Amino acid sequence: MRWTLRPKPNNTTIANLAEALNVDEIIASLLVQRGIETFDQAKKFFRPSLEDLHNPFLMKDMDLAVSRIEDAIINQENIMVYGDYDVDGTTSVALMSSYLETITSQVATYIPDRYAEGYGVSYQGIDYASDNDISLIVALDCGIKAIEKVAYAKSKGIDFIICDHHRPGDVIPKAIAVLDPKREDCEYPYKELCGCGVGFKLIQAIASKRGESIEDLLIYLDLVATAIGADIVPITGENRVLAYFGLKVINQNPRTGFKAMLSQVKKKTLTITDVVFMLAPRINAAGRMKHGLHAVNLLKENDLELALQYASEIETYNSDRKDADKSITEEALIQIKQNSEEDRLTTVVYDENWHKGVIGIVASRLTETHYRPTLVFTKSGSKLAASARSVKGFDVYNALNECSEYIEQFGGHKYAAGLTLKEEQYELFKRKFEEVVATTIDKRLLTPEIMIDAKMELDQITPKFFRILKQFAPFGPGNMAPVFMTENVKDTGYAKCVGADEKHLKCKMQKNGLVIGAIGFNLGSKFDLISKNKNVKVAYNIDENEWNGSVSLQLKLKDII
């Protein structure tokens with residue numbers, strides 16, 4: 001790990017904000033690092049308001065999308081809500097279809113089969129719409145590159161509205177409306193919405209025309225918050241407002257499907273991290289192991305008994321997913337070793353028998369061992385399909401673009417993407433991808449980085465300090481949980497390795513007579529370092545530890561030097 005201490009902001013700005021808010025200078029410094037320099041900006045940050053959501057009609061084509069949906073409802077047309085099979089896609093479909101069903105009964109849902117159809121808008125989906133007299137498809141979390149598919153639908157008399165958040169190509173599909181804040185000609189003020197967020201803006205626009213208020217749409221924000229967390233979009237600006245209110249819904253009035261999935265969870269208040277690690281993998285497991293429609297059905301179900309049955313099935317898929325990703329990760333690591341590729345700047349591995357549903361997770365796992373841009377390929381029909389993952393600071397989407405001569409199609413983001421290519425192009429692509437990364441990556445990015453927000457002493461960690469810190473949530477990209485550093489601390493002598501394979505470290509840190517408990521996940525290897533009564537420096541988040549009904553503050557260790 002390389003530790004990077006963020007530059008301390010301007011002292012005068014910090015002092016002025018600390019005085020205005022009546023907080024200590026560490027809190028003020030954390031706020032200034034996040035671009036918050038005035039009392040009013042801090043008020044917006046600490047007290048997110050629905051009034052801070054932008055007018056949906058600022059998004060290009062929004063008026064066209066709303067008008068076409070209104071016409072479809074008036075003319076009693078059949079509408080298909082179509083979405084990707086991951087969390088962002090399935091929550092989008094659940095959101096859009098359940099809202100439209102409050103206005104018209106003529107709504108069908110469609111999620112492509114990951115294996116038979118692959119990612120995005122499919123010809124099979126369009127044929128299904130044609131066979132069922134569907135004249136309008138609303139595509140969510142996909143479609144921005146579906147030029148030929150949209151033209152094919154048009155030839156069959158089917159209109160398209162696209163709600164996407166992925167980067168457009170050079171050409172925009174000729175749909176009735178293309179809602180994507182990342183369009184160069186779209187002046188929407190916030191560019192980082194997820195697919196479900198774009199879908200929410202569309203229902204917000206439809207609702208406003210029907211005289212409904214934003215409060216009427218609060219019940220849908222649990223889906224939006226889940227998609228924001230799962231899709232790892234920045235939790236800034238509008239996303240922060242949507243996530244904040246969505247978490248309130250999850251904790252106070254969760255939909256029946258969420259209740260069913262969380263029926264075994266003892267935790268009273270869920271954070272966005274809990275949503276990412278508890279709800280998202282289960283929703284994802286349906287599309288990975290079986291079919292994404294299972295997740296949509298669960299998210300829309302109102303009968304608790306039926307929802308519990310669906311949740312039980314999804315639990316089985318999730319268990320199967322865990323087994324598959326563990327065994328494939330092990331096989332991939334062996335392949336890297338056998339090919340003597342440990343010292344490359346990229347990981348590119350392939351096995352025709354690997355489960356397509358988990359290659360994205362495996363790519364993420366491999367970056368934990370070999371920290372570098374990673375692609376995991378498997379066979380998909382007559383082609384090879386891959387999931388790509390990157391390291392912080394490196395744009396894998398741009399790198400793939402440089403290899404496009406060997407790729408059939410690709411799409412995605414800076415840090416995650418998907419692609420397909422012909423089998424005979426695999427070795428050529430692999431060589432080219434390594435060349436592109438070798439010539440463009442800053443080698444420092446190949447060592448994981450811990451960004452330290454501030455130095456502090458143990459006596460500054462007080463209940464009041466933590467109470468204010470908690471109000472920085474929800475945390476995520478653009479607003480990560482603050483990381484602190486304390487130097488010259490020692491273990492009290494009771495450190496031990498814990499967990500099934502003793503991978504984790506439990507200890508108590510002391511300095512100047514003050515003692516605080518600490519837990520370091522996956523830091524068992526640091527036991528020898530701190531057990532010799534040496535002075536160390538620690539990087540950590542501040543967290544709460546609940547044990548036998550009592551709550552105490554603890555350090556959640558990220559690294560020890």
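# Chatting through a predicted model

Reader: Of the 90 residues in the largest nonpolar core, which touch the most other members?

Author: Those are Leu100, Val138, Ile161, Phe200 and Leu202. A nonpolar core here is a set of buried Ala, Val, Leu, Ile, Met, Phe, Trp, Tyr and Cys residues joined through side-chain atoms within 4.5 Å. Buried means under 20% relative accessible area, exposed means over 50%, and partly exposed is in between, with a 1.4 Å probe and protein chains only.

Reader: And what does Phe200 touch, not counting residues up to four places away in sequence?

Author: Phe200 touches Leu95, Ile214, Leu217, Tyr220, Leu221, Val224 and Leu242, with those sequence neighbours left out. Contact means heavy atoms within 4.5 Å.

Reader: Before we go on, what am I looking at?

Author: This is a predicted model, where local features need pLDDT of at least 70 and side-chain atom pairs count only at pLDDT 80 or more, while totals for chains, interfaces and linings use all residues. Residues are numbered from 1 along each chain as its sequence is written, and side-chain values use heavy atoms, with hydrogens and water left out.

Reader: OK, strands next. Why is E4 largely enclosed by the rest of the structure?

Author: Seven of the seven residues of strand E4, residues 134-140, are buried, so E4 is largely enclosed. Helices (H or I, at least four residues) and strands (E, at least two) are DSSP runs, numbered from the N terminus.

Reader: How many bridges are there between E2 and E4?

Author: Six, and strand E2 (residues 78-83) pairs with E4 in the parallel sense. Two strands pair if DSSP finds at least two bridges between them. Tyr82 has Ala139 of E4 as its bridge partner.

Reader: What about E4 and E5, how many bridges join them?

Author: Five, and E4 and strand E5 (residues 159-163) run parallel. Leu140 has Cys163 in E5 as its bridge partner. From E4 the chain crosses through helix H7 (residues 147-155) to E5, in a right-handed β-α-β crossover. Right-handed means that, with the strands pointing away from the viewer, the path from the first strand over the helix to the second runs clockwise.

Reader: Now the open sheet of five strands. What's the order?

Author: The order is E7-E8-E9-E11-E10, with mixed pairing. Strand E7 (347-350) and strand E10 (409-412) are the edge strands, each pairing on one side only. From one strand to the next, the twist averages 15 degrees. Axes are lines fitted to C-alpha atoms, for helices over the stretch in contact, and angles run from 0 to 180 degrees between N-to-C directions.

Reader: How many bridges join E7 to E8?

Author: Four, and E7 runs parallel to strand E8 (residues 374-380). Val348 stands opposite Leu375 in E8.

Reader: Which strands does helix H15 touch?

Author: Helix H15 (residues 359-369) packs on the sheet and touches E7, E8 and strand E9 (383-389), with its direction at about 45 degrees to that of E9. Helix H17 (residues 426-440) packs on the sheet too, touching E7, E8, E9 and strand E11 (416-422), and the direction of H17 makes about 165 degrees with that of E7.

Reader: Is Thr91 buried or exposed?

Author: Thr91 counts as buried, at 0% relative accessibility. Thr91 lies in helix H5 (residues 87-100). Leaving aside neighbours within four places in sequence, Thr91 is in contact with Cys196, Leu223, Ala227 and Leu299.
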